[in-house]
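Trainee: Could you take me through one part of this structure slowly, as I'm new to this? I'd like a close look at the metal site.

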Amino acid sequence: MYPLALFAIFLAVLALIWLSRGGKAPSKGATPPTRKKAKKIASLPPFVQANKLYYQQLLLKRKELPCYCLATSAIKTTRNLNETQKEFLYQELKKVPLPSGAAMRLSEMLRDPFVDSKEVAALASSDPVVSARLLAVVNSAYFRPASGKKVNSIHRAILLLGFNQVRNLLFQLVLEHAVNRYSPLSKEEIRKIWLHSAAVSVAAGELAKRQKEHPGLVLTAGLMHDIGKFFLPFFKLEDEGSFLAHEMEEDTPPLLREENQTGFNHALIGGVLCYVWRLPKEIMQAVSYHHFGHFDRLKRLSLRMRRVITTVAVADYICHLLRYADEDPYLYEIPKEALAECGFPDQVEFLITPELEKEIEKMVALLKEYSFQ
Ligand SMILES: [Fe+2]
Ligand SMILES: [Fe+2]
């Protein structure tokens, strides 16, 4: 008798659940699914609600791309290398000297936002390559003054372009010189990496401005973030199978594939190159950590530095999503904690605006016109 009574209670409970879910006619007005949908839409920021179609398209673009998480994977940094590997890396990268001309000194000078523009102009005028590049850019369709008059003075060019733009252009000039001369990559491969880097630099600068930060540091870090890619072939192993740091699967992230192919990765090589070139520590850290490997180690850096790294990583994500990538685009997930520290939304796509897209497009077009000749 006892088991039969239990069975009857069980059946009664089942019937009650059925009735509560669908057996009853829904009350007039909103049905549960509609209510849920309405709540979801209400939680979107107003500017996203106002441009729903634009953001829907961005989210669709995101779905088309593979997305990897590196925060939990132990990618290589200099700390993982033994002394012989470190020595090998330093010696190889020492073969790539950074030219120490006027452009480099100017770029350094412009790190100080209060520097005298006349002093900058005097130094810029002493180098014909620098002067030619500045005048070409300021007279381009994007920067030409409204009067339409041609700009012939370096001082006026600097004032019209602004220190940040000038600094970025000069630094690019210096890097281009070193890379074009020493990178074993083809001209086309080099060009693609530069276009991607310039796009990331602009996006990072725009994001920094929104955070009310001086964009100088992220502009340079953005330009440099993939510098290691230019020199990866230096380390290509003859027999890839001889060294497998990671299980090779179809969904192995590109950065870990690099480690299998070279023993290093472009973030690590880029960081060591910054060290060899004696660039500021902040640039070195931003380049080394821009893919968020060893997230725990990264947490020990200062808040300011973590914000710089996140800004560059977000800019990289945005540029891959908008197809300003140097290879088949893909995404690296940005840890939510890092986004929150910058005051960025969890949904990185919501940081993109048509204006930001336009700024990136403008810089890429400019570079296509005035570089790589
Ligand atoms: Fe990268
Ligand atoms: Fe990148």
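Mentor: Let's start with a word we'll need: a residue counts as buried when its relative accessible area is under 20%. Keep in mind, too, that this is a predicted model.

Now try that cut-off on His196. Its relative accessibility is 1%, so His196 is buried. Asp226 also comes out at 1%, so that residue is buried as well.

Both of them hold on to a metal. The iron ion (ligand 2) has His196 (NE2), His225 (NE2), Asp226 (OD) and Asp316 (OD) as its protein donors, at 2.2 to 2.3 Å. If you read along the chain, the spacing of these donors is H-x28-H-D-x89-D. Where do His196 and Asp226 sit in the chain? His196 belongs to helix α11 (residues 187-210), while Asp226 is in the loop between α12 (216-224) and α13 (254-262). They are 30 residues apart, and the pair links distant parts of the chain.

What about the geometry? For four tetrahedral donors, the ideal angle at a metal is 109.5 degrees. Around the iron ion (ligand 2), the angles among the 4 donor atoms run from 80 to 173 degrees, and the site is irregular.

Let's step back to the chain around the site. The protein chain has 19 helices and 2 strands. Of its 373 residues, 47% are buried, so His196, at 1% relative accessibility, is one of the buried ones. Looking at contacts with a separation of 6 or more, 73% are between residues 24 or more positions apart.

For a helix pair elsewhere in the chain, look at α14 (residues 266-276) and α15 (residues 281-289). Their axes are 7 Å apart, and the helices pack at an angle of about 170 degrees. Angles over 145 degrees count as roughly antiparallel, and therefore α14 and α15 are roughly antiparallel to each other. Where they meet, α14 brings Ala267, Gly270, Gly271, Cys274 and Tyr275, and α15 brings Ile283, Met284, Val287 and Ser288.

Conventions
Residues are numbered from 1 along each chain as its sequence is written. Chains are lettered from A and ligands numbered from 1 in the order in which they are written. This is a predicted model: local features need pLDDT of at least 70, side-chain atom pairs count only at pLDDT 80 or more; totals for chains, interfaces and linings use all residues. Side-chain values use heavy atoms; hydrogens and water are left out. Helices (H or I, at least four residues) and strands (E, at least two) are DSSP runs, numbered from the N terminus. Buried means under 20% relative accessible area, exposed over 50%, partly exposed in between (1.4 Å probe, protein chains only). Contact means heavy atoms within 4.5 Å. Donors are N, O and S atoms within 2.8 Å of the metal (3.2 Å for Na, K and Ca); water is not among the atoms, so sites may look incomplete. Four donors count as tetrahedral if all angles lie between 85 and 135 degrees; four count as square planar and six as octahedral if opposite donors are over 155 degrees apart and all others between 65 and 115; anything else is irregular. Axes are lines fitted to C-alpha atoms, for helices over the stretch in contact, and angles run from 0 to 180 degrees between N-to-C directions. Angles under 35 degrees count as roughly parallel, over 145 as roughly antiparallel, 65 to 115 as roughly perpendicular and the rest as oblique.
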